[in-house]
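Below is a set of questions and answers on one protein chain. Look through the sequence and the structure first, then read on.

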Amino acid sequence: MKKLITFCLSLLLLSVISVYAQEKPSAEYTENYKKVMDRTQWWREARFGMFIHFGAYAVPARGEWVKSNERITTEKYQKYIDVFNPADYDAKEWAKIAKAAGMKYAVLTAKHHDGYCNFDSKLTDYKLTPRFGGRDLVREFLDAFRAEGLKVGLYYSIIDWHHPDYPNVGNHPQRDDKEYGKRTFNWDNYLKYMHGQVEELVRDYGRLDIMWFDYSFDEYSGEKWKAKELVQMVRKYQPNIILDNRLEINHGTATGQRKISFLGDFETPEQGIPDAPILDQYGNPVPWETCLTLNNNWGYAENDRNWKSPELVIHSLVNCVSKNGNLLLNVGPDARGRIPEESIRILKEVGKWMDDNHESIYGCGACQLAKPDWGRYTRKGNTIYAHWMHPNLGQLNTRGVPADKVKYVSFLKSGAELSWQKTWWGNNETGNFFINIGSSPKMPYPFDTVVKVEMSE
């Protein structure tokens with residue numbers, strides 16, 4: 001028994017030492033964390049961006065994973081390459097749509113998993129340029145979006161279902177083809193190609209604000225891609241660029257061992273929003289961005305009519321910002337290069353709301369108040385924005401707002417003053433702050449009525 005007690009005490013002591021050791025990050029980690037936060041400052045203030053998945057997969061129109069999902073060989077996929085001709089592509093129009101929606105940056109697929117390049121790579125003939133009158137689709141995108149004052153980024157797939165030296169692993173279309181698997185794959189040759197294409201993008205296309213790599217899996221992570229060398233090369237040409245985290249698998253996500261990586265500046269939850277702000281193991285905020293489709297596919301899908309409503313998009317954006325996150329909202333142009341009409345309709349509605357309420361989004365982040373039943377909060381400095389999203393009976397209780405510091409309360413859209421009180425119908429619990437929003441349970445402004453609460457320091 002004595003030995004057991006001693007053993008248990010030793011384990012407890014080791015646990016305490018381990019926890020204490022984790023409380024203080026290393027000097028190297030602290031220095032890198034500061035660099036990450038400095039690099040991402042503009043991006044964390046922008047909060048809202050456009051993702052654009054565009055490629056030859058728009059021809060079969062069954063989503064960007066069609067080659068993998070349907071086990072299509074490169075030879076059979078060629079018919080889509082041959083007819084892909086986005087004659088109606090107008091990067092200037094795309095840029096105007098993004099800007100009108102209130103987006104501050106955009107990320108375009110330079111190359112997706114099928115390996116077909118939207119840019120004029122000198123390392124392959126598997127590219128759109130020769131079939132598109134010599135036009136470089138990526139360059140046109142960058143020029144147009146920069147002209148509208150938007151920050152620009154490129155998506156690049158580090159996996160490649162077309163390259164002869166990329167093995168049939170993961171979700172490769174020939175993953176179950178035993179004969180294909182008998183081929184000789186020169187991994188170093190593939191890495192040389194992949195690194196070379198990334199170098200073309202960061203060297204030859206002017207200033208890039210974001211590089212969005214996709215994706216790592218199983219043992220294909222980190223140094224399998226020679227990720228340190230790749231990042232070093234990228235930062236040589238683009239020292240201020242910000243990188244996503246998909247050059248490696250974030251093993252700390254579920255274990256509470258999260259750390260800001262040396263290989264990426266922000267985390268990338270997909271098709272969902274975290275339950276709370278993301279923190280590293282030391283309690284520091286981690287930059288993150290949810291990427292979200294407008295329907296159920298990233299690439300164009302002719303029969304996908306599962307569109308998210310403008311209300312859901314706005315609520316999702318506010319949800320992200322309320323937890324110190326960004327929203328990267330995707331559009332998938334059709335094979336002719338046109339953003340679907342339904343996408344444009346939704347984005348116009350979102351843009352109208354942003355015209356009136358962008359103050360509650362740009363430069364905002366989490367508020368320490370508990371989430372109320374009627375909506376969410378965002379905050380910027382000494383101003384709290386109460387996002388009234390759901391029907392509410394009676395006054396709006398923004399519980400926790402310090403009444404002694406409140407200077408002015410108003411509807412953000414109209415600037416109309418709103419009265420408030422600390423008690424209502426005998427409810428005088430400490431911390432109550434009731435805002436008189438009128439007698440109707442319906443919101444005066446659609447989707448999300450924002451109440452601005454200005455406070456003294």
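Q: Which definition does a salt bridge have to meet, and how many Å separate the closest N and O atoms of D334 and R338?
A: A salt bridge is a side-chain nitrogen of Lys or Arg within 4 Å of a carboxyl oxygen of Asp or Glu. In this predicted model, D334 forms such a bridge with R338. The closest N and O atoms of the two are apart by 3.4 Å.

Q: Is D334 buried or exposed?
A: Buried means under 20% relative accessible area. The relative accessibility of D334 is 13%, so D334 counts as buried.

Q: Which residues are joined with D334 into one network of salt bridges?
A: R338, the partner of D334, is partly exposed, with a relative accessible area of 40%. Salt bridges that share partners put D334 into one network with D88, R336 and R338.

Q: How many residues apart in sequence are the parts that R336 and D88 tie together?
A: R336 and D88 form a salt bridge, with 2.8 Å between the closest N and O atoms. R336 lies in the loop between β7 and α12, and D88 in the loop between α5 and α6, so the pair ties together parts whose separation in sequence is 248 residues.

Q: In which strand does the salt-bridge partner of R246 lie?
A: R246 forms a salt bridge with D214, the closest N and O atoms being 3.0 Å apart. R246 lies in the loop between β5 and β6, while its partner belongs to a strand, so the pair ties together parts that are 32 residues apart in sequence. Both R246 and D214 are buried. The strand that holds D214 is β4.

Q: Where is the cis peptide bond that involves D214, and what is its omega?
A: The bond runs from D214 to Y215. Y215 is found in the loop between β4 and α10. The omega of this cis bond is near -5°.

Q: What is the phi of D218?
A: D218 is found in the loop between β4 and α10. D218 is exposed, with a relative accessible area of 59%. Its phi is positive although D218 is a residue other than glycine. The value is near 45°.

Q: Which rings are linked with Y215 into a cluster?
A: The count of aromatic pairs in the model is 31. Ring pairs link Y215 into a cluster with W65, W161, Y166, W187, Y190, Y193, F217, Y220 and W225.

Q: Is the pair of F54 and W94 stacked or edge-to-face?
A: Planes under 30 degrees apart count as stacked and over 60 as edge-to-face. The planes of F54 and W94 stand at 80°, and the ring centres are 5.5 Å apart, so the pair is edge-to-face.

Q: Which strands hold Y155 and W212?
A: Y155 and W212 form a stacked pair, 6.0 Å centre to centre with 20° between the planes. The two residues are 57 residues apart, so the pair links distant parts of the chain. Both are buried. Y155 lies in β3 and W212 in β4.

Q: How many bridges join β9 to β14, and how many join β11 to β14?
A: Six of the seven residues of β14 are buried. β9 runs antiparallel to β14, and T383 stands opposite E454 in β14. β11 is also antiparallel to β14, with V409 and V453 as bridge partners. The number of bridges is six for β9 and five for β11.

Key. Residues are numbered from 1 along each chain as its sequence is written. This is a predicted model: local features need pLDDT of at least 70, side-chain atom pairs count only at pLDDT 80 or more; totals for chains, interfaces and linings use all residues. Side-chain values use heavy atoms; hydrogens and water are left out. Buried means under 20% relative accessible area, exposed over 50%, partly exposed in between (1.4 Å probe, protein chains only). Helices (H or I, at least four residues) and strands (E, at least two) are DSSP runs, numbered from the N terminus. Two strands pair if DSSP finds at least two bridges between them. Rings of Phe, Tyr and Trp (its six-membered ring) pair if their centres lie within 6.5 Å; planes under 30 degrees apart count as stacked, over 60 as edge-to-face and the rest as tilted.
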